[in-house]
Number of protein chains: 4
Amino acid sequence: MSAQNGNTAILLMHCPDQTGLVAAVTDFLHKNNGNIISLDQYVDREAMRFFMRVEWELEGFAIPEEKIDDYFGTLVGQKFGMEWQLHFTSRRPRMAIFVSKMSHCLYDILQRCISGEWPADILMIISNHENLRYIAERFEIPFEVFSINTENKAEQEQKQIELLHSLDVDFIVLARYMQILSDDFVAAFPNRIINIHHSFLPAFKGAKPYHSAYNRGVKVIGATSHYVTADLDEGPIIEQDVRRISHKDSVKDLIRIGKDLEKVVLARAIWLEIQHKILPYKNKTVVFD
Amino acid sequence: MSAQNGNTAILLMHCPDQTGLVAAVTDFLHKNNGNIISLDQYVDREAMRFFMRVEWELEGFAIPEEKIDDYFGTLVGQKFGMEWQLHFTSRRPRMAIFVSKMSHCLYDILQRCISGEWPADILMIISNHENLRYIAERFEIPFEVFSINTENKAEQEQKQIELLHSLDVDFIVLARYMQILSDDFVAAFPNRIINIHHSFLPAFKGAKPYHSAYNRGVKVIGATSHYVTADLDEGPIIEQDVRRISHKDSVKDLIRIGKDLEKVVLARAIWLEIQHKILPYKNKTVVFD
Amino acid sequence: MSAQNGNTAILLMHCPDQTGLVAAVTDFLHKNNGNIISLDQYVDREAMRFFMRVEWELEGFAIPEEKIDDYFGTLVGQKFGMEWQLHFTSRRPRMAIFVSKMSHCLYDILQRCISGEWPADILMIISNHENLRYIAERFEIPFEVFSINTENKAEQEQKQIELLHSLDVDFIVLARYMQILSDDFVAAFPNRIINIHHSFLPAFKGAKPYHSAYNRGVKVIGATSHYVTADLDEGPIIEQDVRRISHKDSVKDLIRIGKDLEKVVLARAIWLEIQHKILPYKNKTVVFD
Amino acid sequence: MSAQNGNTAILLMHCPDQTGLVAAVTDFLHKNNGNIISLDQYVDREAMRFFMRVEWELEGFAIPEEKIDDYFGTLVGQKFGMEWQLHFTSRRPRMAIFVSKMSHCLYDILQRCISGEWPADILMIISNHENLRYIAERFEIPFEVFSINTENKAEQEQKQIELLHSLDVDFIVLARYMQILSDDFVAAFPNRIINIHHSFLPAFKGAKPYHSAYNRGVKVIGATSHYVTADLDEGPIIEQDVRRISHKDSVKDLIRIGKDLEKVVLARAIWLEIQHKILPYKNKTVVFD
């Protein structure tokens with residue numbers, strides 16, 4: 001159902017489970033001439049919590065765009081104790097990419113944006129090293145280096161936050177950025193920073209997961225994309241995938257094979273984000289695909 | 001959402017796409033105190049057709065079970081030109097299994113039913129050979145042999161149809177049954193016969209797919225579960241899966257590796273059928289998982 | 001290359017890496033008229049260790065079966081500081097299966113042996129519970145219950161060891177046996193006990209891995225077969241596989257989906273063991289497939 | 001075993017199966033002080049044909065590089081009726097890439113070469129369209145357009161062949177080149193042209209495989225890399241992989257998902273080619289990984 005053309009609105013919502021939720025939302029849309037394009041709901045029976053994503057056409061919808069949030073809140077959201085997000089496909093998602101020295105994820109993301117595979121814009125590439133500047137220049141994307149050490153970290157991150165706010169960025173992608181973000185930085189972009197970790201979490205958290213995988217003698221390796229939280233590699237998981245390896249594969253082979261996993265697992269997470277299909281709740285995600 | 005306890009009703013429906021469909025269904029349920037447990041919908045934008053599966057609790061529902069079909073038809077279904085099926089989880093699905101000489105799928109299905117993994121009953125095992133009678137006897141399931149040849153085929157199949165009707169069977173599983181069913185037999189159980197074919201269709205249709213896969217030198221082999229239609233191996237696909245092979249694998253190896261695929265791909269299709277999650281339309285399936 | 005018919009011998013060996021190893025072994029076989037059916041070697045460049053599996057036809061081989069071990073040792077093995085195992089395909093592998101209350105792996109193994117898929121014998125099923133006795137009886141396999149508690153554990157395990165020795169068992173399969181084996185028991189069968197753990201190790205070691213996987217919100221679950229060592233869930237990994245899940249899957253769903261992984265991952269490990277294709281070294285395995 | 005540093009030689013060979021083959025080759029290397037780094041052999045028991053890949057260190061090897069082919073032929077190869085190829089890792093593989101309008105495979109290959117993941121050189125990008133010239137310019141790779149129509153095809157291909165020969169290219173990659181090569185062109189580079197086809201062959205040969213997959217309602221899609229032969233999409237398969245899809249995925253979705261498969265399946269084939277690990281024989285490949 002990714003094939004619609006015109007402008008649409010997307011509501012992502014969650015609240016305590018109770019009867020009449022779906023009817024209330026669909027009734028609200030139907031009464032105002034909103035043609036539903038897709039509707040996906042899920043009830044977490046342990047947490048007794050209701051989750052929903054609904055997308056409808058704006059053409060002919062009785063409520064003007066800028067008033068939908070207010071009307072929905074008053075007529076539906078507050079009544080059921082909902083938390084919700086409202087998105088419009090008319091806004092092209094704006095992302096910033098953080099990199100260090102490895103180029104494989106960066107090229108992959110750039111290619112997808114430039115070729116039109118993703119309807120999204122890369123506003124800025126930020127790095128703690130100069131190494132990949134030449135790629136940014138080739139693709140004519142602004143590139144800023146913030147070299148980080150223990151003394152200047154707080155200050156440099158503050159500058160990054162200001163820059164990202166000034167660019168009106170929707171989300172941040174850590175494309176193998178080898179620097180741990182402070183809690184303050186993370187708090188400035190809650191569930192808006194997507195990381196790629198080069199293992200199937202929760203196995204092999206932290207540094208050098210391919211070395212650990214090699215030493216443990218596993219027969220599959222993986223990669224995990226997740227939202228960044230204050231706890232390292234503990235944020236809500238968006239997507240994971242794995243590939244078989246064998247005893248023949250050296251650490252160098254794992255790194256090479258793993259790069260292909262990292263690229264595709266990160267790309268799938270960004271694609272879900274662009275479509276507003278991820279609803280994080282506590283340390284998990286509901287992914288409406 | 002498979003965790004509900006009490007009795008529920010399930011509606012599977014499809015109709016030309018039009019506005020207000022979800023609202024109409026959810027409104028019907030809500031007004032009659034039906035608590036929706038899960039709702040899944042899909043619009044095929046090429047065929048401009050709407051598909052939906054909704055499950056709700058019967059406890060407290062205002063309309064008695066035996067009248068739901070009538071009320072839904074009058075108040076919703078006919079208005080929108082819907083085709084629909086109504087199922088109740090209080091009815092344990094009843095299946096018959098057709099086998100020939102290979103036992104792997106049969107054991108697998110028996111184990112799932114006996115251990116309680118599947119809330120379903122096997123009423124009868126039917127075969128064109130005596131070979132697997134000892135398994136049926138061990139598991140105390142009725143076993144009938146109908147040996148088929150070109151002369152007696154129509155007559156034998158007629159007897160099978162009568163037997164299956166007398167057993168009030170919901171669906172039939174061809175667990176590596178090596179005999180082509182006639183169009184008449186298939187017509188007696190439309191979209192109610194599930195076959196497992198030992199290739200990733202549409203590759204390697206017909207007989208000896210592992211030999212063909214070996215000869216072509218493919219690097220993955222697969223299995224496909226599908227509803228049986230009058231066109232051999234052309235019915236709506238329910239589920240498929242594959243496994244990597246290499247040049248080292250002989251035809252014998254492919255057969256051995258393939259058996260594991262056949263078991264699991266067939267089992268997933270039956271599990272979807274038991275939960276009423278498959279909606280066939282033309283030569284495809286909508287699978288609400 | 002699993003298609004040979006006559007009797008063959010298999011040598012599994014490892015030693016410090018040095019020049020001339022392959023030539024020495026192939027020369028030994030060639031000079032004695034041994035026709036090599038398959039040869040697989042591997043050098044671990046970190047450990048600087050050489051691993052090899054070679055299989056040859058016994059028909060026409062100049063050295064009688066009972067003297068091969070001695071001759072190989074004198075002429076090749078000792079010279080290079082090798083550790084080696086010699087197997088003959090004329091010996092049908094003899095296994096014992098340990099179970100508790102879950103039947104899915106047990107049925108799967110039984111089916112493979114009975115149908116002739118595996119050329120191996122099940123000598124005995126051992127359990128700490130009576131629950132699955134009826135299955136053993138149906139398949140006419142001896143079934144012994146050893147109920148274990150903290151007081152009698154050492155004594156009961158001693159009886160099990162004696163029983164297993166008296167049965168001349170080649171290896172032991174823990175088919176979801178929910179009881180931790182003591183170090184003494186493990187030491188009695190070094191690298192001869194194959195366990196199936198219901199997670200992709202090293203993630204979710206120990207009890208209730210599906211609950212942990214659910215709570216962590218992972219998007220893939222897995223299973224791992226490994227040799228049992230004194231460290232729980234830390235033994236050399238033989239085989240692993242995974243399957244995608246989603247937020248919709250409850251713990252009950254994970255358990256159901258996981259059973260299919262457990263069956264197939266355990267079966268692949270046993271199949272490798274039957275063919276003498278696994279060479280454990282320290283905490284890893286070299287798998288010659 | 002891809003981790004060696006110094007220069008090595010690689011022999012790929014096949015011949016009728018007979019005793020003493022492995023011993024003859026290893027003896028030849030051992031007697032001339034060749035330290036074997038890896039050895040892989042395989043016997044096709046249907047075709048009764050022997051295949052082998054052996055790699056050894058050149059340092060200290062008694063026979064000079066330029067004489068190895070001659071010596072091996074005289075002392076081993078001709079005796080057993082072998083066909084063989086000899087490669088040296090000191091020669092960096094030289095490739096040409098053919099593209100049309102889609103950029104995803106091209107970027108992927110460029111990134112791998114530039115970042116040093118692959119020790120190989122791209123000599124030239126050839127296209128039948130101007131569209132991707134800007135990418136070649138950004139990466140400073142020569143780009144030539146040969147527009148093809150029914151009249152000029154033979155002539156244009158002749159020019160391409162001359163150009164490729166003048167560049168001393170080892171192999172050609174068709175990175176979604178949407179133009180069928182003539183038999184003459186293919187004959188000029190036997191088993192040296194690698195294509196990526198966007199389906200799991202033999203399913204969905206020819207044009208528009210994603211449309212066909214959509215219309216058939218398959219639940220997995222795939223991609224296949226293969227050597228190009230005179231029969232369209234019938235050449236020896238090198239690598240295949242698949243990904244699950246659902247009824248929700250439109251043709252547009254399949255194209256997007258498929259691109260990720262195409263990139264990785266083509267890249268794996270090129271990586272095998274660079275390492276001289278593929279031995280084509282008739283319409284199949286032996287892949288020594």
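In the predicted model, Asp108(B) forms a salt bridge with Lys263(C), with 2.8 Å between the closest N and O atoms, where a salt bridge is a side-chain nitrogen of Lys or Arg within 4 Å of a carboxyl oxygen of Asp or Glu. Between chain B and chain C the count is four salt bridges. Helix 3 (104-114), helix 4 (133-138) and helix 8 (251-274) of chain B each supply at least two residues of the side of chain B that touches chain C, and helix 8 of chain B gives the largest share, eight residues; helices are DSSP runs (H or I, at least four residues) and strands likewise (E, at least two), numbered from the N terminus.

In total, 27 residues of chain B are in contact (heavy atoms within 4.5 Å) with 27 residues of chain C. The two chains bury about 2600 Å² between them, 44% of it on carbon and sulfur atoms, buried area being the accessible area (1.4 Å probe) lost on putting two parts together, summed over both. In chain B, the most area is lost to chain C by Gln111(B), Arg138(B) and Arg256(B), together 22% of what that side buries.

Within chain C, seven strands form an open sheet of mixed pairing in the order 7-6-5-8-9-10-11, two strands being paired if DSSP finds at least two bridges between them. Strand 6 (residues 121-127) and strand 7 of chain C run parallel and are joined by three bridges, and Ser127(C) stands opposite Val145(C) in strand 7 of chain C.

Residues are numbered from 1 along each chain as its sequence is written, and chains are lettered from A and ligands numbered from 1 in the order in which they are written. Local features need pLDDT of at least 70 and side-chain atom pairs count only at pLDDT 80 or more, whereas totals for chains, interfaces and linings use all residues, and side-chain values use heavy atoms, with hydrogens and water left out.
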